[in-house]
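Reader: I would like to go through the pockets of this model and the ligand contacts with you, one question at a time.

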Amino acid sequence: MNPLNHVAIIMDGNGRWGLKRKNSRNAGHRAGLNTVEKIIKETIKHKVKFLTLYAFSTENWKRPKNEINFLFSLLENFLKDKIEDLNKQKIKLKFIGKKNFSSKLNYLLRVSEKKTYQNKRLQINLALNYGSKAELINAFKELKKNKEDINEKNLNKYLQTYNTPDPDLLIRTGDTKRLSNFLLWQLAYSEIFFEKKLWPDFNEKDYNKIIKKYKNIKRNFGNI
Ligand code: IPE
Ligand code: IPE
Ligand code: MG
């Protein structure tokens, strides 16, 4: 059985869910938060140490202002409501992606990271304004600036996931089969599962089914 240390998830399908059920994409984003909470709990049960969630990409700025504002207000309220509870559950929160939001939000993100920094049960990397290409370009610039050799070890140091092993498992919900600029380097050997269900409909049972399948895959890493 394969060990499972790191799960990465592209939480896709909120907009379509909301439009279908409530004629509002934003209603889908709100419903998607419940799935986030369920999946965090289940991840802890499986004793997984790292969970990376794609919440907002560098390309998502193309969306209408009203949707972007709604997403960030959801995030802000979620953090304000839940940070104490996450901390009590010994969850470490880290944000990957460029923190160039309002100074109020940047502050809230930093405070949340600082507060949970020592926690060891589960590290959640929340990808916000994250793009893998930007991350890689930045890493190469750092290597050049510091006149370091270009090799895997050195490059890894400058990725925002430097303290995290590569994902064992990637799940994308929402019936779409692409990576959308998520962890392009880190996913080189991950097992990938594309799930038909939209993110707000995804539940513990679906998650457990995927984990069970993952555990029985023969992972070769180039070997036989
Ligand atoms: C994913 O759901 C969440 C974010 C990108 C913030 P979408 O909003 O992309 O949902 P669909 O794909 O339009 O249904
Ligand atoms: C990827 O979903 C980003 C997140 C889930 C945050 P998108 O819905 O933005 O991806 P594309 O644009 O359809 O590829
Ligand atoms: Mg989408």
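Reader: In which pocket does ligand 2 sit?

Author: This is a predicted model, in which local features need pLDDT of at least 70 and side-chain atom pairs count only at pLDDT 80 or more, while totals for chains, interfaces and linings use all residues. Residues are numbered from 1 along each chain as its sequence is written, chains are lettered from A and ligands numbered from 1 in the order in which they are written, and side-chain values use heavy atoms, with hydrogens and water left out. A pocket is an open set of points on a 1 Å grid over the protein atoms alone, where a 1.4 Å probe fits, with protein on both sides within 12 Å along at least five of seven lines, and its lining residues have an atom within 4 Å of a point; a molecule sits in it if more than half of its atoms lie within 2 Å of its grid points. By these criteria, ligand 2 sits in the largest pocket.

Reader: What is the volume of the largest pocket, and which element gives the most to its lining?

Author: With volume taken as the space filled by probe spheres set on the points, which are joined across faces, edges and corners, the largest pocket has about 850 Å³. Among the 38 residues that line it, Met-11, Asn-14, Tyr-54, Ala-55 and Phe-56 are the closest to its centre. Helices (H or I, at least four residues) and strands (E, at least two) are DSSP runs numbered from the N terminus, and the element that gives the most to this lining, with seven residues, is helix 3.

Reader: Which strand gives the largest share of the shell around ligand 2?

Author: The shell holds the residues with a heavy atom within 4 Å of the ligand, and these include Ile-10, Met-11, Tyr-54, Ala-55, Phe-56, Arg-63 and Arg-172. The largest share, three residues, comes from strand 2 (residues 50-57).

Reader: Which strand gives the largest share of the lining of the second largest pocket?

Author: The second largest pocket holds about 220 Å³ of space, and its lining includes Lys-92, Leu-93, Lys-94 and Phe-95. The largest share of that lining, four residues, comes from strand 3.
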